[in-house]
Amino acid sequence: MKDATWPKKPPPDTIAAHNKPAPGNLRMRRRTLLTRIAAFAPALTAATVRADTGYPTGPVRVIVGYPPGGTTDIVGRIIAMRLTELLGQSFFVENRSGASGNIGTQAVAVAVAAADGGTLLLASLGQALNVAVYKNQPFDFVNDFAPISLIATTPNVLSVHPNVPAKNLDELLGLLRASPGKYSFGSTSFGGSAHMCGELLKVMAKVNIVHIPYRGAGPMLTDLIGGQIPMAFDNLPSSLPLIRTGQIRGIAITTAARSAIAPDLPTFAESGLPGFDVSGWYGLLAPAKTPPEIIATLNKAVVAAVAEDATRAKLLNSGAEPVGGTQAEYAAVIKAEIEKWTKVVVLTGVHA
């Protein structure tokens, strides 16, 4: 893999230009969607989300492509618990980790899972990134799946072990520039959003740090706490409890604006890297041939769940911001993210 010293690297302003969200970006959509679901919240109750189809008729698997303890797993368990209550059947998370989420994704692809609503995928930005990073996948992430709804968005966060002598991004970059190649950063998977945040940092800040991929946030954070790695990028929800207890030190978050749940953490942009803007997201997908009436029932249930105060509080407390929305809106987000990150992958030279 190419590092920050590889020749002919694109200038930081080029990276920033490709990393800028397009008009109608996630933050704008989030505000619109939150307003919409708040208006409909009184009508979306357990009694109204059930459809005449009788779905579901039995337990429903929600596949998470990462180990327990990460943000995808946290969001998956929160939404699965509420769908169980709203739809009267058990929705349970099954962790199928490996290959940067691709093993779990393949388990739900139409070639493997029956398209009857009995197996769903808790997808994240990582799956959209995989389209750009991984070639010749045994499934088509766009055409083999039917979007149901976005659930939540979240920043990524850069954290360091408390022994690292840097309290902010400027001090950390000074440390990295003074010792090129000495320091490494962990991520939750190869090619995922955490990894790509590190690659953007390498090019935009002109630093040489070594990438160490893990099979999810749980094992990565264990090594960060233990000092086996000096720093790591992660989704905010899985790192936030450790930042709050001082087991790791949060340096900066990757979104353009600060997080309401962690207002003390500055952004990369305000810390000296304007244009650094990455927002993770989580949503529910079904196999493409799932009957439309089942997709509609699930969409209504997810929108109902994220509009309720109790579920919203759980998501917000974990560091994720509830979204909701229509199937078409989620499909548009997936399309835009794939286009954006395909350009960034070309610029950074990252390929599996």
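1. Helix α4 is largely enclosed by the rest of the structure, because 12 of its 17 residues are buried (under 20% relative accessible area with a 1.4 Å probe, protein chains only). The buried set is Thr71, Thr72, Asp73, Val75, Gly76, Ile78, Ile79, Ala80, Arg82, Leu83, Leu86 and Leu87.

2. A word on where this comes from: the model is predicted, local features need pLDDT of at least 70, side-chain atom pairs count only at pLDDT 80 or more, and totals for chains, interfaces and linings use all residues. Residues are numbered from 1 along each chain as its sequence is written, and side-chain values use heavy atoms, with hydrogens and water left out. Helices here are DSSP runs (H or I, at least four residues), numbered from the N terminus.

3. Just after α4, Gly88 has a positive phi of about 75°.

4. Now the partner: α4 (residues 71–87) packs on α11 (residues 292–307) at about 115°, with the axes 10 Å apart. For reference, axes are lines fitted to C-alpha atoms over the stretch in contact, with angles from 0 to 180 degrees between N-to-C directions. The two helices are therefore roughly perpendicular (65 to 115 degrees; under 35 is roughly parallel, over 145 roughly antiparallel, the rest oblique). α4 passes α11 in a right-handed crossing (the near helix is turned clockwise from the far one by less than a right angle).

5. Who touches whom? On the α4 side, Ile79, Arg82, Leu83, Leu86 and Leu87 meet Thr297, Leu298, Ala301, Val302, Ala304, Ala305 and Val306 of α11 (heavy atoms within 4.5 Å). By class, this contact has 10 nonpolar, 1 polar and 1 charged residues (Ala, Val, Leu, Ile, Met, Phe, Trp, Tyr, Cys and Pro are nonpolar, Asp, Glu, Lys and Arg charged, the others, Gly among them, polar).

6. Next pair: the axes of α6 (residues 125–133) and α13 (residues 327–348) come within 8 Å and cross at roughly 50°, which makes α6 oblique to α13. This crossing is right-handed. Leu125, Ala128, Leu129, Val131, Ala132 and Val133 in α6 meet Glu337, Ile338, Trp341, Thr342 and Val345 in α13. That contact divides into 9 nonpolar, 1 polar and 1 charged residues.

7. Finally, α8 (residues 193–205): 13 of its 13 residues are buried. Lys206 follows α8 with a positive phi, near 55°.

Definitions and conventions. Buried < 20%, exposed > 50% of the residue type's maximum accessible area, 1.4 Å probe, protein only.
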